[in-house]
Each structure stands twice: as structure tokens, then as C-alpha cells.
Amino acid sequence: MATLSDEQKQLVKDAFGFVATVDENGNPQIGPKGTLRVLDDEHLIYNEETGHQSWHNVQVNPKIAAAFHPFPGMKGFRVEGRATIHQDDDIFKEAQEWASEKKLPKALAAVVISVDRTVSLDAGKNAGIEIDNKPVKD
């Protein structure tokens, strides 16, 4: 598992995030997630509000990617990982409270994304290069 750097956490706060999923037939789908945010150093989270295509996809195929790129800006990154659905636990309850504080719709679920790999979306020669954000072992 990779970890998010402080710079990446800030970019998650500052940029609008998009999530890419794949259905059971391998058809890709990408869409904005206005609730996408940092859960901790190794996970992102978003509130699933619509119950449409990406919701269907994470239920049948947990592979997921999230991308962040400011506009304007030349530096961004992608997280690749696996989605875990939470509907009846503390993570879901906290996601509901977060939505209530922001005056957002109630969530159908909280979707947690493991940060398995981070990839540069910077302009130029570093685009597509894996970012070495591996945790330091004691």
C-alpha cells in the first residue's frame, strides 16, 4: 500500500476529483465526485449519493482510480486501488454526519478507496510515472 504525501492531501482538498470504474463487461466509466476526500494516509473516501453507474460498477468490480488535477495547473496525480463499500458501520455514520454538516444529500453508502498506487499526472516527461509514496518501515 502507498501513502498520500502532504502535497497530495492538499491537492485532494483543492482540486475536483474524478473517479474511474469498470463494469462487469469491462466498459469504463468516469465521473466527478464532489464528496471525494482524504480519509487517512492510505485511503480516500466519497459519499455515494446517486446510485447510478459508478455505484453499480464498484459493486461488481472493486477496481477503481481517482484523479486530481488543478485548473489551471501542471501537477496532478492518480490513485489506483480497490473500493470497499460501507453502509452499516461507523465509517458510514461518519460520512452521513459529514454530509449533514455540509448540507449535502444523505449518502446511499460511503465508498473507501485504498491507495495501492499513486501515479503522476504532471505535464511533461513525468506523466504516467509511479510516485514512490511507500510507507517508511521502522
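**Helix packing and a surface patch**

Guide: This is a predicted model.

Visitor: Which residues in H3 are buried?
Guide: They are Phe 92, Ala 95 and Ala 99. Looking down the axis of H3, its buried residues fall within an arc of 60°, so they line one face of the helix.

Visitor: Why would that spacing work?
Guide: An α-helix has 3.6 residues a turn, so residues three or four places apart point the same way.

Visitor: And which exposed residues does the face turned away carry?
Guide: On that face of H3 you'll find Asp 90, Lys 93, Ser 100 and Glu 101.

Visitor: How far apart are the end C-alpha atoms of H3?
Guide: They are 16 Å apart, which agrees with the 16 Å that its 12 residues (90-101) should span at 1.5 Å a residue.

Visitor: OK, helix H1 now. What's buried there?
Guide: In H1 (residues 6-14), Gln 8, Lys 9, Leu 11 and Val 12 are buried. Down the axis of H1 they fall within an arc of 160°, so they line one face of that helix. The face turned away carries the exposed residues Asp 6, Glu 7, Lys 13 and Asp 14.

Visitor: What do the buried residues of H1 pack against?
Guide: Their partners are S3, S4, S5 (63-68), S6, S8 (117-120) and S9 (130-131).

Visitor: Switching to the surface: which residues make the nonpolar patch?
Guide: Phe 16, Phe 18 and Ile 30 make a patch of about 320 Å². Phe 18 is in strand S1 (residues 17-22), and at 36% relative accessibility Phe 18 counts as partly exposed.

How values were computed
Residues numbered from 1 in each chain as written. Predicted model: local features only at pLDDT ≥ 70, side-chain atom pairs only at ≥ 80, totals over all residues. Heavy atoms only, no water. Patch = residues over 30% accessible without salt bridge, like charges linked within 9 Å, V, L, I, M, F, W, Y side chains within 5 Å. Areas by Shrake-Rupley, 256 points an atom, 1.4 Å probe, with all protein chains shown as cover. Salt bridge = Lys/Arg side-chain N within 4 Å of Asp/Glu carboxyl O. Helix = DSSP H or I, 4+ residues; strand = E, 2+ residues; numbered from the N terminus. Buried < 20%, exposed > 50% of the residue type's maximum accessible area, 1.4 Å probe, protein only. Expected span 1.5 Å × (residues − 1). Arc of directions from axis to C-beta. Contact = heavy atoms within 4.5 Å.
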